[in-house]
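Thanks, everyone, for making the time. Before we talk, please take a moment with the sequence and the structure on the screen.

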Amino acid sequence: MRIVLVKTADTDKSVHTEDGAAGKHALPRKDEAPQRTILTEEGEVPLEHGKVYVEATTLRHDVGMLLLKIGVVVACFALLFTFVFGLFRVSDGGMYPALHDGDLTLYYRLDRNYVANDVVAVEEDGQMQALRVVAVAGDTVDITDDGLLVNGNPVTTSGVTEETQPFKEGISFPVTVGVNQVFLLGDARGHATDSRIYGCVDIDDTQGKVIGVLRRRNI
């Protein structure tokens, strides 16, 4: 329910003039309050103290208000997914089996304080990727016959079944991660395009931390 602003109705009653004579257009006495009315679904009725009235509206007004509310909701979502969150569809298979081809990935733009094992969104050559952080600023990364080493210690990741090997066309190892940089690897180590190809990634060039996945299921 909503209460509309009331209006003062023109009265057609006689009031007293200063000389005591009655007159239709004279000023009302101080003890005579003007009548107030409200427009309801039953028409215009006198406004009585303590009663609740339902505002009479038109279909055009109701549709306009609905469209306004929808517009506000759409604008809020647009702002959220422009400055706070982001979405992209996984298409390269570089994070399999953690992420599948076709998964819709949600990432948070405002948290870039990455630690090892975080999955981040990054754009490389115009394509969005999800990759795992294996080393941060100050860490030394090496890939040898023993696999992936960070600061001389072997690193294993749950779910990763393929061996971590360098690419012939990639960077040379060992490599030390610079300030405000991360070293990223895909879980599909056999074919993922990651820091073994293009080196350490500036944090400013990442899009945010992956916080959710909507998995597509084949029917």
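This is a predicted model: local features need pLDDT of at least 70, side-chain atom pairs count only at pLDDT 80 or more; totals for chains, interfaces and linings use all residues.

Let me begin with the backbone, where most residues other than glycine have a negative phi and most peptide bonds are trans. Against that background, the peptide bond from Tyr-96 to Pro-97 is cis, with omega near 10°, and Pro-97 sits in the loop between β6 and β7. Phe-173 and Pro-174 are likewise joined by a cis peptide bond, with omega at about 0°, and Pro-174 belongs to the loop between β12 and β13.

Turning to phi, Asp-125, in the loop between β8 and β9, has a positive value near 55°, and because its relative accessibility is 75%, over the 50% cut-off, it counts as exposed. Asn-180, in the loop between β13 and β14, also has a positive phi, of about 60°, and is exposed at a relative accessible area of 53%.

Next comes Gln-181, which is found in strand β14, residues 181–185. Its side chain reaches the backbone nitrogen of Gly-178 at 2.9 Å, and a polar contact of 3.0 Å joins it to the side chain of Asp-202. Beyond its neighbours within four places in sequence, Gln-181 is in contact with several residues, including Val-136, Ala-137 and Cys-200.

Finally, the second largest pocket holds about 210 Å³ of space. Its lining comprises 15 residues, and those closest to the centre are Val-155, Thr-156, Glu-162, Glu-163 and Thr-164; by class, the lining has 4 nonpolar, 6 polar and 5 charged residues.

Key:
Residues are numbered from 1 along each chain as its sequence is written. Side-chain values use heavy atoms; hydrogens and water are left out. On a 1 Å grid over the protein atoms alone, a cavity is a set of points where a 1.4 Å probe fits but cannot get out, and a pocket is an open set with protein on both sides within 12 Å along at least five of seven lines; lining residues have an atom within 4 Å of a point. Grid points are joined across faces, edges and corners, and a volume is the space filled by probe spheres set on the points. Ala, Val, Leu, Ile, Met, Phe, Trp, Tyr, Cys and Pro count as nonpolar, Asp, Glu, Lys and Arg as charged, and the others, Gly among them, as polar. Helices (H or I, at least four residues) and strands (E, at least two) are DSSP runs, numbered from the N terminus. A polar contact is a pair of N or O atoms within 3.5 Å; within protein, one must be able to donate a hydrogen and the other to accept it, and residues adjacent in sequence count only if both atoms are side-chain atoms. Contact means heavy atoms within 4.5 Å. Buried means under 20% relative accessible area, exposed over 50%, partly exposed in between (1.4 Å probe, protein chains only).
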